[in-house]
Amino acid sequence: IQTDLTVGSSWNGTTFSPDMQMEIFRIVQEALTNARKHSKAHHVQVKFDAEDGRNFVIIRDDGHGFSPTHLEKVDGRHFGLQFMQERADQLGGSLQIQSTPGSGTEVVLEVPRQEQ
């Protein structure tokens, strides 16, 4: 899978505690694993950016997408998505997953900016 990494200039100087870094890493890792295992993606973009005092990590793929509401109704066994949500909650942040069958998937993690 071709993967592009972008770090926005507004992210410059952003630091996190080692624990927060690990949680962010695990969320990105799970999103990339899902793109590889489930979406049949050929291209993934990972972007780190900041805006209005908020930090974002955005992972987009060009895979076949899915219906998030359909997954919840089917069997409740999608532990990876659940773990991503729990990790975002532990960070005091939020996680949004947007996907439509045939249109790829976008995972948006918002994490609070830490005081220097």
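A residue is called buried here when its relative accessible area is under 20%, exposed when over 50%, and partly exposed in between (1.4 Å probe, protein chains only). This is a predicted model, in which local features need pLDDT of at least 70 and side-chain atom pairs count only at pLDDT 80 or more, while totals for chains, interfaces and linings use all residues. Residues are numbered from 1 along each chain as its sequence is written, and side-chain values use heavy atoms, with hydrogens and water left out.

Met20, Glu23, Ile24, Ile27, Val28, Ala31, Asn34, Ala35 and Ser39 are its buried residues. Their arc around the axis, taken from the directions from the helix axis to the C-beta atoms, is only 130 degrees, so they sit on the same side of α1. On the other side, Pro18, Asp19 and Arg36 are exposed. After the helix comes Lys40, with a positive phi near 60 degrees.

Now to the rings. Rings of Phe, Tyr and Trp (its six-membered ring) pair if their centres lie within 6.5 Å; planes under 30 degrees apart are stacked, over 60 edge-to-face, the rest tilted. There are two aromatic pairs in the structure. Trp11 and Phe16 have ring centres 5.7 Å apart and planes at 50 degrees, so this pair is tilted. Trp11 also pairs edge-to-face with Phe48, at 5.2 Å centre to centre and 65 degrees between the planes. Because Trp11 lies in the loop between β1 and α1 and Phe48 in strand β2, this pair ties together parts 37 residues apart in sequence.

Methods. Helices (H or I, at least four residues) and strands (E, at least two) are DSSP runs, numbered from the N terminus.
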